[in-house]
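Welcome! Try each task before reading its solution.

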Amino acid sequence: MSLPVSLYDELYQQKLTTPAKAVECIADQSNLIMGMGVGMPPALMQAVGDRARAGDFTRLNVYYMHGHNDILTTIFTPENMPYIKPHPLFMSHADRALAKMGNDRGEEWIHFVPCLFHQAGRLMTEAISPDAHIVTVSPMDKSGYFSLGTSPDYSATVIRKAKHVIVEVNENMPRTFGESLVHISDVNNVVEHTTPLMETIIGGSSELDEVIGKIVADQVPDGATIQMGIGGVPNATMRLLEEKNDLGLHSELFSPPMVRLIKKGVLNGRNKALLPYKHVFTLALGDRDMFDFMDNNPSIVGYPVCWVNNPSIIRQNNNLVSVNAAIEVDLSGQVNSEAISGHQFSGTGGQLDFVRGAYASEGGKSFIALHSTAKKGTLSRIVPKLLGGAVTDPRMDVMNVVTEYGMAELKGKSLQQRAAALIEISHPDFRDDLRAEAKKANLL
């Protein structure tokens, strides 16, 4: 006996179409906003790229964050660059590759937009007109809802306000809860395209990562709520947190090491003031096993980045511990986490959001963690003045800086005290030069 077709199924079939037809509504001289990271829809990006190659656009502004490799073979191919203008708010390895291709031709292909992560949704719906939005979603459920899965981030905001919403249904996208749900009535066009999701392979931690991770982990009390970035130091820190008790998660990023902590019962959210027993995230990057763990897991809840990363929200959990990486720190405590030699390398992301939110949290702590040197020990990452050309975290906001040589606590310290503390955690090979520079600047 067959079941009756629901109203939602009828709507779905009415809106189901091919990628080529789905993107016909994207106008020339308009703004297209793409989903972030795993949420980028490859079939729809290919269709937009095909329209550009066919001469349909004189200019199309494309806004997004954390582009993955598919952007290089679908929408942002060399022949499309005269017509399609990428506007990333955070540079990924694929974006850096695209920028280099343009530079090699003497052309500027990337138009980077500075942005605090918690403001991304507002920026893309107020400062920028959201003419169309394309994003990957999970299959529709019996109640007519898709899920944004790994990527509520800014999509959960943009999808409510874009003039045209086009979703790419991928059976591999995990179904997550929170404010990740999108109803069929809020969607203009639907395409189906099941393909493996982009995976981010978490590498191992170096000996230096382990040393730094131990310093940070020792500062995390039982019952704390954590936010961790991605990389060797956060991975090492999370392994060392396995001996802690009753930790909570309120993090922009959900990553594979967090799955292990949840399975071991270390991350349980018991002591959280805000959404206790729930693991809060806004962006997930990881592997297939992590996506499977997230799928239909009621404890894992995704919310818009405007909420998750808002310092006034972050602060509501006591003992909020934030751990993020940096490229360089100067002797006054300014942090650059996004630019190298004047070239944009990544972006502000949510680092400053959590640095401020952690300080506002009762008992909260933030840590900027970095190796003391770069380029095989030839370059100090504690510097007299920032060389990258960007200040990610102002000196007034930074609490703790950690290298393999220890931790410098900066809050409440004078410029002279900061310089002395930072020199002490720099690599010994550079300390004399740093002291000499500090004296020239009247910091010692």
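The exercises below concern a predicted model.

**Exercise 1.** Find threonine 125 and work out whether it is buried or exposed.

*Solution.* 
- Step 1: Start with the helix. Threonine 125 lies in H6, which covers residues 120–127.
- Step 2: Check the accessibility. Threonine 125 has a relative accessibility of 15%, and buried means under 20%. Threonine 125 therefore counts as buried.
- Step 3: The threonine 125 side chain comes to 2.8 Å from the backbone oxygen of glycine 121.
- Step 4: List the neighbours. Leaving out residues up to four places away in sequence, threonine 125 touches Pro130, Thr157, Val158 and Lys161.

**Exercise 2.** Describe strand S25 (residues 400–403): which way do its residues point, and how do S21 and S26 run relative to S25?

*Solution.* 
- Step 1: Sort the side chains. In a regular strand, side chains alternate between the two faces of the sheet. Here Asn400 and Val402 point one way, while Val401 and Thr403 point the other way. All of these residues are buried.
- Step 2: Turn to S21, residues 365–369. S21 and S25 run parallel and are joined by three bridges. Opposite valine 402 in S25 you will find alanine 369.
- Step 3: Now follow S26, residues 406–409. S25 and S26 run antiparallel, with four bridges joining them. Asparagine 400 has glutamate 409 in S26 as its bridge partner.
- Step 4: Look at the link. Two residues sit between S25 and S26, and the two strands form a hairpin.

Technical notes. Residues are numbered from 1 along each chain as its sequence is written. This is a predicted model: local features need pLDDT of at least 70, side-chain atom pairs count only at pLDDT 80 or more; totals for chains, interfaces and linings use all residues. Side-chain values use heavy atoms; hydrogens and water are left out. Buried means under 20% relative accessible area, exposed over 50%, partly exposed in between (1.4 Å probe, protein chains only). A polar contact is a pair of N or O atoms within 3.5 Å; within protein, one must be able to donate a hydrogen and the other to accept it, and residues adjacent in sequence count only if both atoms are side-chain atoms. Contact means heavy atoms within 4.5 Å. Two strands pair if DSSP finds at least two bridges between them.
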